[in-house]
Amino acid sequence: MNIGEASKSSGISAKMIRYYESIGLIGPAVRTDTGYRVYNDHDLHTLRFVRRARDLGFSVEQMNELLALWKDRSRASADVKRIALGHVEELERKAEALREMAGTLKHLANNCHGDGRPDCPILEDLGRSH
């Protein structure tokens with residue numbers, strides 16, 4: 001299948017497939033005599049793996065590690081679990097930071113009259129050097 005078909009089947013844009021190939025996340029595709037990329041079922045399976053990992057928020061570096069472990073049948077599941085739990089901690093830190101930002105903005109919005117006057121605590125807070 002060509003890159004457009006692989007893109008459609010995997011849910012990864014052709015541009016991202018080319019990018020992942022250029023950085024070595026996925027192996028280079030087989031090329032036709034005219035230079036077009038050709039993908040087989042194994043390639044598609046790898047692209048779907050990458051898509052799922054990306055959907056779960058793993059970084060390119062983490063996806064690279066996970067792909068290496070996925071391909072290594074002698075791997076220890078503890079290595080995979082370590083990466084996953086490290087990512088969970090990172091996601092939880094980000095979620096807490098987002099909750100704090102939302103709380104701050106709610107507080108500022110609650111203190112803004114939202115009327116025709118120019119006074120605005122939201123803009124005042126943004127304009128302060130913290």
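**Contacts, rings and cysteines**

Guide: Leaving aside neighbours within four places in sequence, T46 is in contact with I26, L67 and W70. Please bear in mind that the model is predicted.

Visitor: In which helix does T46 lie?

Guide: The element in question covers residues 41-55. T46 therefore belongs to a segment that carries the name helix α3.

Visitor: Is T46 buried or exposed?

Guide: The relative accessible area of T46 is 7%. A residue counts as buried under 20%, so T46 is buried.

Visitor: How many aromatic pairs does a search of the whole structure find?

Guide: One of the pairs joins Y19 and Y20. Another is formed by the rings of F49 and W70. The search of the whole structure gives a count of two.

Visitor: Is the pair of Y19 and Y20 stacked, edge-to-face or tilted?

Guide: The ring centres of Y19 and Y20 are 5.9 Å apart, with 50° between the planes. Planes under 30 degrees apart count as stacked and those over 60 as edge-to-face.

Visitor: Why is the pair of F49 and W70 classed as it is?

Guide: The centres of the two rings lie 4.4 Å apart. Their planes meet at 20°, and so the pair of F49 and W70 is stacked.

Visitor: How many residues apart in sequence are the parts that F49 and W70 tie together?

Guide: F49 lies in helix α3, whereas W70 lies in helix α4, residues 60-71. Both residues are partly exposed, F49 at 22% and W70 at 24%. The pair therefore ties together parts whose separation in sequence is 21 residues.

Visitor: How many disulfides does the count come to?

Guide: A disulfide requires two cysteine sulfur atoms within 2.5 Å. For C112, the nearest cysteine sulfur is that of C120, 3.9 Å away, so C112 is in no disulfide. C120 is likewise in no disulfide, its nearest cysteine sulfur being that of C112. The count of disulfides comes to zero.

Technical notes
Residues are numbered from 1 along each chain as its sequence is written. This is a predicted model: local features need pLDDT of at least 70, side-chain atom pairs count only at pLDDT 80 or more; totals for chains, interfaces and linings use all residues. Side-chain values use heavy atoms; hydrogens and water are left out. Helices (H or I, at least four residues) and strands (E, at least two) are DSSP runs, numbered from the N terminus. Buried means under 20% relative accessible area, exposed over 50%, partly exposed in between (1.4 Å probe, protein chains only). Contact means heavy atoms within 4.5 Å. Rings of Phe, Tyr and Trp (its six-membered ring) pair if their centres lie within 6.5 Å; planes under 30 degrees apart count as stacked, over 60 as edge-to-face and the rest as tilted.
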